[in-house]
Amino acid sequence: WDSYQGGDFYSYEIWRSDESYNNADLIENNGEKIVEITTRSQNSFEDTSLIGSEKSFYYFIRVNNIYGDYLNSNIIEGDTIL
């Protein structure tokens, strides 16, 4: 992802679900937050916990600012097939 450039950065959150949903709220309510990153310049994360499980997962990234506001990315699909 592209690093957040605002001076009000607080964190990135990466959310995951094994169910396909068309909006981030459904993933948040039915999935799990797998990591929270507080380094603004970090722009990648590898989810290696279930490699080889032959499942598809659905992810979105949330960027939070110090005021409690946030923006969600689009939802992307990732496969764990070796």
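Student: Is Arg16 buried or exposed in this model?

Tutor: Happy to start there. This is a predicted model. Buried means under 20% relative accessible area, so Arg16, at 7%, counts as buried. The residue belongs to strand S1, residues 9–17.

Student: Which side chains have polar contacts with Arg16?

Tutor: A polar contact of 2.6 Å connects Arg16 to the side chain of Glu32, and one of 2.6 Å connects Arg16 to the side chain of Asp47. Setting aside neighbours within four places in sequence, the residues in contact with Arg16 include Ile27, Leu50, Phe57 and Tyr59.

Student: How should I read a salt bridge, and how many does the structure hold?

Tutor: The general idea is that side chains of opposite charge can pair when their charged atoms come close. Here there are seven salt bridges. One of them joins Glu13 and Arg62, at 3.8 Å from N to O. Glu13 sits in strand S1 and Arg62 in strand S3, so this pair ties together parts 49 residues apart in sequence. Both Glu13 and Arg62 are buried.

Student: What other partner does Arg62 have in a salt bridge?

Tutor: That would be Glu28, with the closest N and O atoms 2.9 Å apart. This pair links strand S3, which holds Arg62, to helix H1 (residues 24–30), which holds Glu28, across 34 residues. Arg62 is buried at 5% relative accessibility, whereas Glu28 is partly exposed at 28%.

Student: Which residues make up the network of salt bridges?

Tutor: Glu13, Glu28, Lys33, Glu36 and Arg62 are linked in that network.

How values were computed: Residues are numbered from 1 along each chain as its sequence is written. This is a predicted model: local features need pLDDT of at least 70, side-chain atom pairs count only at pLDDT 80 or more; totals for chains, interfaces and linings use all residues. Side-chain values use heavy atoms; hydrogens and water are left out. Helices (H or I, at least four residues) and strands (E, at least two) are DSSP runs, numbered from the N terminus. A polar contact is a pair of N or O atoms within 3.5 Å; within protein, one must be able to donate a hydrogen and the other to accept it, and residues adjacent in sequence count only if both atoms are side-chain atoms. Contact means heavy atoms within 4.5 Å. A salt bridge is a side-chain nitrogen of Lys or Arg within 4 Å of a carboxyl oxygen of Asp or Glu. Buried means under 20% relative accessible area, exposed over 50%, partly exposed in between (1.4 Å probe, protein chains only).
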